[in-house]
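Dear colleague,

Please find below the structure that I am handing over to you. I would be grateful if you could look through it before reading my notes.

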Amino acid sequence: MAGGFPKDTQGNGITGAVPVIFAATLFAYFASLLPTIAATEVIRLSLPWIPSLGIELAFLVDGLSLTFSLLISGIGTLVLLYSNTYLAGHPQYARFALFLTAFMVSMLGLVLADDLILLFVFWELTTLTSYMLIGFSHDAEKSRRNALQALFVTGAGGLAFLAGLILLAAATGTTSISGIIAQGSALKEHAMYLPILILLLAGTFTKSAQVPFHFWLPNAMAAPTPVSAFLHSATMVKAGVYVMARMHPAMSGTDVWLWTLTIFGAVTAVFASLLALRQTDLKQALAYTTLMALGMLTLFLGQESGYAMTAFATFLIVHSLYKASLFLVVGCIDLSTGTRETDQLGDLGRIMPITAVAAALAALSMAGFPPFLGFIGKELKYAGALAVASEPVLVAGAALLSNALMLAVAGVVAFRPFWRGTVPSGQSPQEAPWQMWVGPIILASLGAVFGIYPDLLQVALVTPTVISLTGEVGEVKELQLWAGFNIPLILSIATFILGLLFYARHVQLRAILERAFSAIPNLDAGWDRFLDGLRGFAKWQTQLVQNGKLSSYLFGTFLTIAAGILLTLVYTGMPMIAVDLSDVEWKHTSIALLTIAGALLALVTNSRIAGIAALGVVGIGIAMIFIVFSAPDVAITQLLVETLVVVLVAVVMLRLPSLPKAGFRLNHALLSVAVGASVSLILIAVVSSPLDLRLTEYFEVTSWPEAYGRNIVNVILVDFRALDTFGEIAVVVIAALSAYALLRTTRKGDQK
Amino acid sequence: MEFLFAITIGVLVAAAVYLMLSNHLLRFIFGLVLISNAANLTIFVAGRLTDGAPPLIPEGADAPTLAANALPQALVLTAIVIGFGLFAFAIVLVFRAWTTLNSLTPDEMRLAEPEEAHK
Amino acid sequence: MNSVILRVGTRYLAGLLLVFSFYMMLRGHNEPGGGFIGGLTGATGFVLYAIACGTQDARAALRVMPQTIAIWGLGIALAAGLFAALFGDALFTGQWLFIGATETDKGLPLSSVLVFDIGVYLVVFGSILTLVFAMEEEI
């Protein structure tokens, strides 16, 4: 992306403007719902979708979903505005805007859905649209690989998620999410609780990139920067967090829930903040801090205390605001200087003052300095961590370590490039155009505004969200800058000291981390090995199953038929076979023998003429069966077709070489006998069991009075089942035309 | 009676399967004709055999008193015609394979799935 | 096959078979017969003609390309099925008109079902002749 900002900052005309207006309208609509939600009410809207399964197009707006909706549509608006300049004149901008808007809408649907199936549909839609976005630079191989990796990991999680949702619906008897929550703790005592939990968490952990499924998220930074800002800070990865939050009232409070979420969350948070400090690429560093935030959010969702829930709601908002704005700032730096490597950046504050201010505001919030919202969020985090009844020290320790590392990363990303060092030679950075700094400035300033006036956020969003999570007003904790001299404050001060120390020594730390992490196995490389293995396996089994030989395909097919039928018969017990030959007359026996003789002749002959004659004998024999057993129409048809078959065979066959002598193949013979025997057995079983004649009786009694026909067979064909017949004659036409086309192409002399 | 014809069908199917496995397209066609005949007969026999009572409603009556099962007859009738279409297409395909590839051994026809692809 | 007797005989036989095939089709609703059988019978007549006199003559006698006949047949069958929509019935519901019907006699019955059967006749007839003519000529 080197080469400075696009010259034409007007963007992409109408394809650029329409999505921005669309997103802004959505944001305005959701903002208009704020008073209702602030009054702790909920809005539910539902339309029947699949009534027979009780599935509805149901949407629910409550504190939790409105918080997400506002973040998605608000950040979406700013990101679309930003992209319009960032990708100005890009030949595929329309496609980009479409994917991004589609992603935004899917994400909104996901957080608003109040039906499990609907939730899953939107869940998968976000997976698919994010795949398109991550792989947007599809001519780069890396970008394709990383997009596919994200799709595989989240898609595999999505399958587990679907299984979990289905079990959940089966266990609770409803697909309505609010219905499930209304059942209270019934789910926790259900026998299927554990499988449901494991499957749902498999989905949410992959989507929200918890260790060990984290590796796809930093790779997804292959996407254009605005996409990273949107998908991987505020929306996509929060989908998993959202679902955990949504299910919190119905599923939390058990030991499994508590420990799984706490351990995964804590490990992810610490692990990710260490990895973040190790990065030299600004975007990668931010990507890992996202992982840290996701870990933290998961950690809080493991708890039940009001502090943890308030901390969750606040940190969710804080993180979205500062992370989106920092990503957008990195995009500005990238375009301005052509690099994102920290050691090749310096002294940009002088040249890009507005961007620098946005970066500073966002970074201070991220680092948790007062009076920013990040500070309040951090205080609450500590309060929440200390409220963890069982292991307060462990959780608070994890929080302390990751917060301090976060501060160091904030310094590396947003302070150092602007205020330290010098502009390396060969760069001519400029300030970003207004479309690109307005987003970061707004988002970063909100962090300051909400920090100074926390009541605004408290009333509008945090309280309703906590109520969604706990169901009780009493659990909500106050958001305040000065909460008195208490343990969280001491921890905050410790964070600052430790964080500044980390920042001052980050180069040395990086070197240590480099050594430490090279020792642990790299999951990303493991992923490549896994895919190679999968391909190798696919190749092996393709060679085995699809060897290109018709005879082995046929052998396999017939073997499956015979084995399937015979094993089923053996397993379920042989049916009653009534050998009833009392009503067999000599004419029946002779027709049967004639037919069998024809088939055996066709089997053994090496002469084409004899083969044709043998087939004729079989055809005539079968026609006689139709005649004897009262099927005149069928018999006539059979005879006429038999005539035509002989004509065609005679025309073609005599142009083909004569039959070679065939050797006897014992395995073929055994298989043939097995298939033949299984067909006979099945048929005998069928005719030994009673026959349901209702359909035939219906045709018999209605044929004349209602369809005015005395030939029941013909009435079935042209009236009762006319649509079937129509399909069949269409097949006849297609067969004739295809054969005709095959023949006509030979005439042009391409006989090789 | 049904027992007798169930055995007949078994023999037809066995002969058809052996022919279709033979790795020669002409024999394959023979097998195809046999197996489609056997399939038609299977449907017919599964609907039970009734001697001497075609499913026709006599003049003056509203419904037949005793008649063969009409439904399988209708199914078999169209199946015969479709089977003919399939047969005609197959035989043209065989002929075309012969003129183009000069072979009637399907295992030698490796245009779509050449041996090299399996290395 | 260059036999004068066969050629002359076939000319009449083919015509006879064609007339017979119409009869088979028309009576099909009440007696054995119908569109499939009629179409096969008519096609057999022309196949005989083509064998005896060559496909050139057979095509000339037919005047229309057989594949055109097949496609028309399909269209007619479809139209007969769609016809029910005019009366608000489900697809392929038979529509009947009895000309000169009295209390005891149903008169001359005309129906979309008959039209459908004619479509079937034409499809079978046209498709088989398409195949056979092409095979006779190309092989």
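Predicted model: local features only at pLDDT ≥ 70, side-chain atom pairs only at ≥ 80, totals over all residues.

Residues are numbered from 1 along each chain as its sequence is written, while chains are lettered from A and ligands numbered from 1 in the order in which they are written.

Chain B has three helices and zero strands (DSSP runs numbered from the N terminus: helices are H or I with at least four residues, strands are E with at least two). Of its 119 residues, 59% count as buried, that is, with 20 or more other C-beta atoms within 10 Å of their own, C-beta atoms being placed from the backbone.

The contact between chains A and B involves 92 residues from chain A and 79 residues from chain B; two residues are in contact if their C-beta atoms, placed from the backbone, lie within 7 Å. On the side of chain A that touches chain B, α29(A) gives the most, with 14 residues. That side divides into 60 nonpolar, 22 polar and 10 charged residues (nonpolar: Ala, Val, Leu, Ile, Met, Phe, Trp, Tyr, Cys and Pro; charged: Asp, Glu, Lys and Arg; polar: the others, Gly among them).

Chain A also meets chain C, with 39 residues of chain A in contact with 41 residues of chain C. The elements of chain A that give two or more residues to this side are α28, α31 and α32, and the largest share, 15 residues, comes from α32(A).

Yours sincerely

Technical notes
Buried ≥ 20, exposed ≤ 12 C-beta atoms within 10 Å, placed from the backbone.
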